[in-house]
Amino acid sequence: MEENKHVTIYDIAERLNLATSTISRALKDHHTISDKTIKKVKKTAEEMGFVPNTLAAGLRGNKTRTIGVLIPTVTQPFLSSLISGIEITAQKSDYTVIIMQSHDSYEEEVNMAKSLYSNRVSGVICSLAMETRDTSHFHQFSNNNIPLVFVDRVPKNYNTFRVVIDNYTAGYKATKHLIEQGCIRIAHLTAGSELGNLYNERKRGYIEALKDHNIEVEEELIINLNSVTYEDGVKASNALFDLDPIPDGLFAPGDILAVSAVQTAKKRGLKVPEDFKVIGFNNDPISQIIDPNLSTITHPAEKMGKAAAEIIIKNLKSAKNDDAKEITFLNTEVLARESTQK
C-alpha cells in the first residue's frame, strides 16, 4: 500500500472481494449484514487503517454531527467551563464541537455565525457578544430547523432555547450580603446592552436589595462599563475612590472586576475589607488566589454547558421541534470569604 494513501471502502471491498455497498452497511452495523461479515469487515478496516470520512457523510445527509459554539472568548474561566460542559455531553453522543470567538464584537459574531452555517453544523450554542443589539444573523439557523441555544448572555426576545441563571436573584443575594456585613454605601459596576440583559438583571437585583433595606440608590455609585476587563475595573474603581465619601462596598458582576477593585483599593491606601468590602461573581479560580480571598457568587457554568448540549442533541433526535423554553438555574450561592468579612 502506498504511503499516505487514504484507505477507502473500495480498498476494503477489493481485499475482501465484497461489494462496496456491503462494506458500507457492515461498517454501520446494518441489520441486513450478518454479524460474521460485520466483524470481518471491521477487523479488515482497522488493519488497513481505514478512517471514515464523517464530514463527507454528513454533507451528503446535510448533517455533520457537529455543534457550533459561538462565545465572546475562551480565556474567561466561566466560558472555559461552559465549553467543557458542552464537549463532555457532545462526545457522549458522538458529536464534535467547533468553537468560535466573537471577541465581544458584533461584526465578528455575524461573520462567525455565517461560517458556522456554511459549515453545516447540526446545532449552535451561543453567548452573545457585548456589542450585539441585533440578532437577525441567527435567523439563518432558526429558519432552517438548526437548533439554536443561547446561554448566559441571551437576547430578551428571540423564540428559541435559552439556558440562564436567575441573575436578578443572584444580584439581590450579593448586595444583601454586603448589607449584612455592615455596608451602607454600596457601589455597583454594570455592563452590556439592553439586548443582552444579564448585567441589567444583576443591576436590578442590586437596586431592589438596597430599596428593601431602606438604602438610597445613588446614581453616582453605579458605573456602566463598555467591556468587562481588568483595565475597565481599575478605571471604574478609581472613579469610585475619587468620590467623597467613598463607597464602603462594591458588588462587581464579574470576579475580574472585583479583583481589579481590591488591588486598586490597596494602591490607594485602603484596607479590604476594613475600609472597603467587595463581592464578585462567577467563583473564578482567581477569587481564591487574591489576597484577601474574594467573596463571590457561584455560577454553574459546566452544568449550563451540559444542559445546552443536551437541548441540541435532544432536538436533533426528535421528529418534532419542541416548544422553545427557558431553563433557569436557581442554585447560585454566596461564597463568603475574606473580602467581605466584618
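1. Asn 214 sits in the loop between helix 9 (198-212) and strand 7 (222-225); helices (H or I, at least four residues) and strands (E, at least two) are DSSP runs, numbered from the N terminus. Its phi is near 55°, a positive value in a residue other than glycine.

2. Before you go on, keep in mind that this is a predicted model, where local features need pLDDT of at least 70, side-chain atom pairs count only at pLDDT 80 or more, and totals for chains, interfaces and linings use all residues. Residues are numbered from 1 along each chain as its sequence is written, and side-chain values use heavy atoms, with hydrogens and water left out.

3. Now look at Asp 104, in the loop between strand 2 (96-101) and helix 6 (106-118). Asp 104 has a positive phi of about 60° although it is not a glycine. Is this residue buried or exposed? Asp 104 counts as buried, at 17% relative accessibility.

4. Two peptide bonds deserve a look too. The bond from Asp 244 to Pro 245 is cis, with omega near 0°, and Pro 245 belongs to the loop between helix 10 (230-241) and strand 8 (249-251). The bond from Asp 291 to Pro 292 is also cis, with omega near 0°; Pro 292 is in the loop between helix 12 (286-289) and strand 10 (296-297). As background, most residues other than glycine have a negative phi, and most peptide bonds are trans.

5. Next, find Phe 141 in helix 7 (residues 139-142). Phe 141 is buried, with a relative accessible area of 0%. Leaving out residues up to four places away in sequence, Phe 141 touches Ala 113, Leu 116, Tyr 117, Val 121, Val 124 and Ile 146 (contact means heavy atoms within 4.5 Å).

6. The axes of helix 1 (residues 9-16) and helix 2 (residues 20-27) come within 9 Å and cross at roughly 110°; axes are lines fitted to C-alpha atoms, for helices over the stretch in contact, and angles run from 0 to 180 degrees between N-to-C directions. Helix 1 and helix 2 are therefore roughly perpendicular to each other (65 to 115 degrees; under 35 is roughly parallel, over 145 roughly antiparallel, and the rest oblique). Ile 9, Tyr 10, Ile 12, Ala 13 and Leu 16 in helix 1 meet Thr 20, Ile 23, Ser 24 and Leu 27 in helix 2.

Methods. Buried < 20%, exposed > 50% of the residue type's maximum accessible area, 1.4 Å probe, protein only.
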